[in-house]
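Please examine the sequence and the model displayed here before reading on. The paragraphs that follow describe the chain as a whole and then turn to its partner.

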Amino acid sequence: MTRFDAIVIGAGVNGLVAAALLARRGKKVCLIEAARHAGGMAGLRPGEGPALAHLVHNLSPAVRRDLGLGRDWPFALTPLATVALAEDGRHVVVDGPNAKLADGTAHPFAAAHAALTERLTRYGALLRNMAETAPPGGGMSGIAMMRQGLRFARTGLSLRAMGKPEMRRFLQVLLSNAYDLILDEMSDGPLAGLWTADAVRGAALGPRSPGTVFSLIYRMGHGGIVSRPEGGMEAVIAALEEAGRKAGCTLRTDTRVARILTEGDRVTGVATEAGEILSAQVVLSSAAPLTTARLTGLDHFDIEATRRLRNLRARGTVAKVNLKLARAPALPGVDLASARMVFAPSAEYVETAFNPSKYGEMSEAPVIEAVMPDPGAASPWLSLLVQYAPADLDGGWTAAARDRLAQIATRTLARALPDLPGLVTSAEVMTPDQIGAATGGPGGHWHQAELTFDQMLTLRPGNGMGHYAFGPSGLYLCGAATHPGGDVMGLSGRNAALRALEDRA
Amino acid sequence: MSLNATYDVIVAGAGHNGLTAAAYLARAGRKVLVVEKNDWIGGAAVSRSLHPGWTYSNCSYVCSLLRREIVRDLDLPKYGLQVIPYEGGATFTRDGDYFAYYSDHHALHREMARHSRRDADAYQRYAQAVMRQCRFIRPFLLRDAPDPASLRPRDLGEMAYLVKKAHGLGPRELGETLRFWTMSIGDFLDEHFENDLIKAHLAGSGIIGTGLGVYSPGTAYVLLHHYMGDIDGGIGAWGFARGGMGAISAAIGADFEAHGGTILKGAGVEKFLTKDGRVTGVALEDGKVFKAPVVASNMDVKRTFLTHVDAGDLPPEFTRAVERFKIRGSSAKLNIALDRMPSFPAAPAHASFLRGDLHVSQSLSELERAYDDWKAGRVSAKPYIDMLIPSQIDPTMAPTGAHMMTVFVQYAPYDLAQGSTRSGVNWDDAARRQLADCVLDQMSVACPDIRERIVHMEVRCPAEIEREVGLTEGNIFQGELTFDQLFFNRPVPGWSQYDSPIKGLYLCGSSAHPGGGVMGAPGANAARAILRADGVRMKGYAA
Ligand SMILES: Cc1cc2nc3c(=O)[nH]c(=O)nc-3n(C[C@H](O)[C@H](O)[C@H](O)COP(=O)(O)OP(=O)(O)OC[C@H]3O[C@@H](n4cnc5c(N)ncnc54)[C@H](O)[C@@H]3O)c2cc1C
Ligand SMILES: Cc1cc2nc3c(=O)[nH]c(=O)nc-3n(C[C@H](O)[C@H](O)[C@H](O)COP(=O)(O)OP(=O)(O)OC[C@H]3O[C@@H](n4cnc5c(N)ncnc54)[C@H](O)[C@@H]3O)c2cc1C
């Protein structure tokens, strides 16, 4: 039997962060990952091509600081412009607050775009304040309460500093839907399509669904810049892994936790599938909440809690499609090598793409985000996120269904990139059911659990479970299903680790 | 009727809320004139006879939300108001069965168990959860919505009340409340029930009048909006106003007139007159002018400020906020005079549930698809219908032996798509016939002989509800009930307390907090705000 201060289950982004942080605070930590590599959902690879996550929106500087990584991440982040693809060739190039047409002429809604970017980035910064702390309440210690109180007060003060009209507008916009917010400012087209696509990426929602402005702002909390990690998502994962290793954390891959062990109402360690027992007073799990509860034994959770966990909505809607190309595609006036392409020609299109997913069908005309992670390669990969591809596809995700998804994706992109089909030499597909199976997160949802108001803050992942502590004493959740949520950001893992340290202090 | 040139207060619009505001003000001794563009009063709470012998509740058709405090304050029973509760309802299946809803607990359990034993057992938990939310929200309906950005004592006081109430729930229940307010009715029902038919039956109230689908976040609140009323203390119960919904407006109007108020019909307001940022009166379409230092508009916020006020009189940010206000038409209605009771072959003889609300939607996904049609500008192929035959309970609605049927339809778009255009003008006779046909097809699931029973039928599409009642786009609530348009956000942030940037100009209709339905609350609350500005405390339970 091997003894640790803390065991972290799952070496996804959040597990990696939690483990490294605990180790840096002097704990003897073992990080256990079922897969052969660390990285979790973000690092999953459908085959030879790029990993699922291909861009960084909000990788948290708070995480970087807490992991002692200095002023800069040990990998390069290349900020990308976004090309909102248009079927008529009038593509829109968006670089932060600037939007222009690909031929260099002004976009008719450039001013509206700039104002929206400025406003939502400001709102995002407020939310980020809240993301960097545990949700209110939850029986924490006096000091933690004070610290958290200060943070919320700061959020409140920044709100007040906005002035009354802006504060009021914030409280309205936050609750709105992206479709109306955007179309109130510009007429429908590729630019509006881009905004609304960004608002729903990863969600089982369409832009008309109330609350989608929140998910839009969520990703803009760190300035709204989209970056490509050089060396792929593997570089990000390696950096987090290295931070843990340096702090003395043991990483055991290819090891599946079969049970979380308890004695009475206390956690005592874990048993691996191979029968090995590792003991620790503290266990953090980045596996999905219901999965974690099952590993612990449902008898540790009252009926109410179990019901809540079963009701947690986590229907993935995004599939990964990697296209191997004979050479990079070209678009006049656009440097595709340093661009993110988004095919969402209008907000209406995005909403329409959402419709079939409600009935277990894939979109025939999906929303696509496309990036070349390694544009310098002779025959580069084009990495696509294809939405909506519902986890619970009618008839199941057969090989034929996956093939069809790849064809649909190629055909759809060809509406703006006519030479694309001729360039594709092979394709690989990974659908939400596979993502779920590979990470133990039912539904393969981007955020492990839908990020809507009813599953947010103290309600994430369930009412009464919003403070990382979960079931028996010493057990914590630390994955994206906890506050504040997913993306390659690391805050769930960080907040959970801080909470565990706080409780042991 | 002798008219003066000046009044203390003018109310523009004799909808039930305008009349409620007027009645409270008249009771407080104000000299009040109500001007109404139609030749009748009531707005969307109206009874009209369009075919000799039959009376229709042309728009709203059932009553529950009307605040009992207002009924008492305005002595409405004295003016003939009588609300008769109905019990139960049913959803008919396409294969000749039905799910019946009974208010009797045992009967309901038995019927639910016939479809799903598990659901029958789950119902109590569901009903309790909804009831707890109703109890929580009810006290807020007759209070002001605090402005969270303000430090005025009254706002802080209202905020403190909210915090106290929320705190009183305890953390667990507060969490449930936040969840309930923000989730979709579909998800909420999926958490409790397994049977498609039962879920479809219960979901209807979550989408009535709204431009959202059963799976849109926020529709659980819409359900609450339909459950938070009561009849004779029975929370969530609905009933018929004897003589149709117009009886409510008529009673409020009668109380108003009994307290010295004047109603001028056929008197559409052309313009709210202002001077130096203050309202001074109204100019009518026929050129008449009436003066008053206070004017309350019963029209929706868009019509009030974008059509009848000079843009130059308003701060541009306010105008922009009003332009952004979402007020989408999504409902239609059929009112039908029947020669006799239609047959419902699936129902047992003399089934009591036939006196309640009848539906034919089979599942949540059928309802969601109906919403998708609406988004695309089409009348739903299989719309949600809420049909009732009030003449079974209220014989004044039709000749002896004959009947009257009211059929509410969700969804019908205001901006109907035709070719490449989407516009209210596309609602021509052909489009309305098509709407009626599609609704009658749906109804035939329950009563196959419906087409043979029709003596007269009124088909109301959103464009026409707009034209007649003045509800912009035909939106039945004078504005969507989404969280960005409720409470302190209703109608626009910073102006949730009935007043406006033009001094003396108030809103008293459903665009204001707490929103639409035949409730009277916006009218009563507006009257309270008007009196408060004079330093007077309103009398009555609603104060
Ligand atoms: C298709 C797709 C594309 C995405 N693209 C991006 C993107 O471009 N940018 C971005 O910011 N975000 C992206 N995301 C979101 C992001 O990848 C996730 O939100 C994030 O990776 C979640 O990390 P996590 O650590 O919380 O959970 P996970 O990554 O799910 O980690 C959980 C880990 O626990 C392990 N585990 C589970 N059970 C056990 C067990 N019993 N024993 C041992 N280990 C176990 C799993 O193997 C897994 O490694 C994408 C998501 C998807 C689905
Ligand atoms: C088809 C339909 C079915 C409904 N069903 C129900 C139901 O069953 N139960 C329920 O509780 N609620 C129901 N509602 C909702 C409810 O009827 C309304 O929300 C409520 O009646 C609105 O009342 P109000 O006084 O705020 O406004 P309104 O009734 O809209 O009153 C506004 C008044 O202003 C007048 N007006 C407009 N323009 C001018 C002008 N320029 N000058 C002078 N006057 C003007 C109008 O003619 C009208 O009388 C329904 C609504 C509709 C349309």
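A residue is called buried when its relative accessible area is under 20%, and exposed when that value is over 50%. The model is a predicted one, and in it 63% of the 505 residues of chain A count as buried.

Consider next the elements and the overall form of the chain. Chain A contains 17 helices and 19 strands. The radius of gyration of chain A is 22 Å, close to the 23 Å that the globule rule gives for 505 residues, and chain A is therefore as compact as a globular protein of that length. Taken along its principal axes, the C-alpha trace of chain A spans about 65 × 55 × 45 Å.

The contacts within the chain can be described by separation along the sequence. Among contacts in chain A with a separation of 6 or more, 74% are made by residues 24 or more positions apart.

The surface and the charges come next. Chain A has an accessible surface of about 17800 Å², and carbon and sulfur atoms account for 54% of this area. Its side chains include 51 positive and 47 negative ones, and the centres of these two sets lie 6 Å apart.

Finally, consider the partner chain. In chain A, 32 residues are in contact with 36 residues of chain B. About 3200 Å² is buried between chain A and chain B, with carbon and sulfur atoms giving 49% of that area. On the side of chain A, the residues that lose the most area to chain B are Arg168(A), Arg208(A) and Tyr359(A), which together provide 19% of what that side buries.

Key. Residues numbered from 1 in each chain as written. Chains lettered and ligands numbered in written order. Predicted model: local features only at pLDDT ≥ 70, side-chain atom pairs only at ≥ 80, totals over all residues. Heavy atoms only, no water. Helix = DSSP H or I, 4+ residues; strand = E, 2+ residues; numbered from the N terminus. Rg over C-alpha atoms; globule rule 2.2 N^0.38 Å. Buried < 20%, exposed > 50% of the residue type's maximum accessible area, 1.4 Å probe, protein only. Contact = heavy atoms within 4.5 Å. Areas by Shrake-Rupley, 256 points an atom, 1.4 Å probe, with all protein chains shown as cover. Lys, Arg positive; Asp, Glu negative; His and termini not counted. Charge placed at Lys NZ, Arg CZ, Asp CG, Glu CD. Buried area = accessible area lost by both parts, 1.4 Å probe.
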